[in-house]
Amino acid sequence: MNNKLSCIICDLDGVVVDSSIRLRKFIDPKLWDDGNFTDYYRGYQQYGLTTEGDIPIEEGIKLLRDIVNDYDPEEIFFLTARGNIGRSLTLKWIRQNIFSGFSSSHLIMNRHLSQNDDKWV
């Protein structure tokens with residue numbers, strides 16, 4: 001294919017990574033339903049502090065790599081609703097499971113979810 005793209009933007013969760021095990025471990029939707037938002041957000045913060053249990057979605061990774069090979073983009077970005085609190089671990093996971101030389105500046109995370117955010121406590 002001769003089509004060259006300037007960039008590719010790919011979501012993480014549900015596309016190239018299955019984080020459902022970690023989600024179930026730390027986030028209890030019943031807390032939200034009961035209006036216990038403080039404990040719900042504490043669980044969400046714990047969810048963001050690790051990538052433990054995250055599983056590569058091989059089909060998604062293969063599709064992404066095929067698109068990269070077909071379109072030869074100048075840049076690849078990952079976009080995620082994950083909070084910036086887990087930036088270093090998320091970046092490490094991407095480098096171990098998808099692209100070893102992936103640039104930190106191309107990981108776009110939710111800047112409103114940080115470890116020091118008052119809404120977590």
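A residue is called partly exposed when its relative accessible area lies between the buried limit of under 20% and the exposed limit of over 50%. By this rule Arg42, with a relative accessible area of 40%, is partly exposed. The model shown in all views is predicted.

**View 1. The salt bridge of Asp39 and Arg42 in helix α3.** The side chains of Asp39 and Arg42 meet at 3.2 Å, N to O. Both residues belong to α3 (residues 37-48) and sit three residues apart, about one turn of the helix. In an α-helix there are 3.6 residues a turn, so residues three or four places apart point the same way. Asp39 has 32% relative accessibility and therefore counts as partly exposed.

**View 2. The salt bridge of Arg82 and Asp13.** The closest N and O atoms of this pair are 2.7 Å apart. The bridge links distant parts of the chain, with Arg82 in strand β4 and Asp13 in the loop between β1 and β2 (17-18), 69 residues apart. Arg82 counts as buried because its relative accessibility is 8%, whereas Asp13, at 24%, counts as partly exposed. Asp13 and Arg82 are joined with Arg22 and Asp54 in a network of salt bridges.

**View 3. The salt bridge of Lys30 and Asp34.** Here the N to O distance is 2.9 Å. Lys30 and Asp34 are both exposed. In the protein the count of salt bridges comes to eight.

**View 4. Helix α4 and its two sides.** Helix α4 (residues 58-71) has 14 residues and should span 20 Å at 1.5 Å a residue; its end C-alpha atoms are 20 Å apart, which agrees. Gly60, Ile61, Leu64 and Val68 are its buried residues. Seen down the axis of α4, they fall within an arc of 100°, so they line one face of the helix. The face turned away from the buried side carries the exposed residues Glu58, Glu59, Lys62, Leu63 and Asn69. Cover for the buried residues includes β1 (7-11), β3 (55-56), β4 (75-83) and α5 (87-97). After α4 comes Asp72, with a positive phi near 45°.

**View 5. Leu64 in the largest nonpolar core.** This core has 18 residues, and those touching the most other members are Val16, Leu64, Phe78, Ile94, Ile98, Phe99 and Leu107. At least two core residues come from each of β1, α4, β4, α5 and β5 (107-110). Leaving aside residues up to four places away in sequence, Leu64 touches Ile8, Cys10, Val16, Phe78, Ile98 and Phe99.

How values were computed. Residues are numbered from 1 along each chain as its sequence is written. This is a predicted model: local features need pLDDT of at least 70, side-chain atom pairs count only at pLDDT 80 or more; totals for chains, interfaces and linings use all residues. Side-chain values use heavy atoms; hydrogens and water are left out. Helices (H or I, at least four residues) and strands (E, at least two) are DSSP runs, numbered from the N terminus. The expected span of a helix is 1.5 Å times one less than its number of residues. Buried means under 20% relative accessible area, exposed over 50%, partly exposed in between (1.4 Å probe, protein chains only). The arc is that of the directions from the helix axis to the C-beta atoms. Contact means heavy atoms within 4.5 Å. A nonpolar core is a set of buried Ala, Val, Leu, Ile, Met, Phe, Trp, Tyr and Cys residues joined through side-chain atoms within 4.5 Å. A salt bridge is a side-chain nitrogen of Lys or Arg within 4 Å of a carboxyl oxygen of Asp or Glu.
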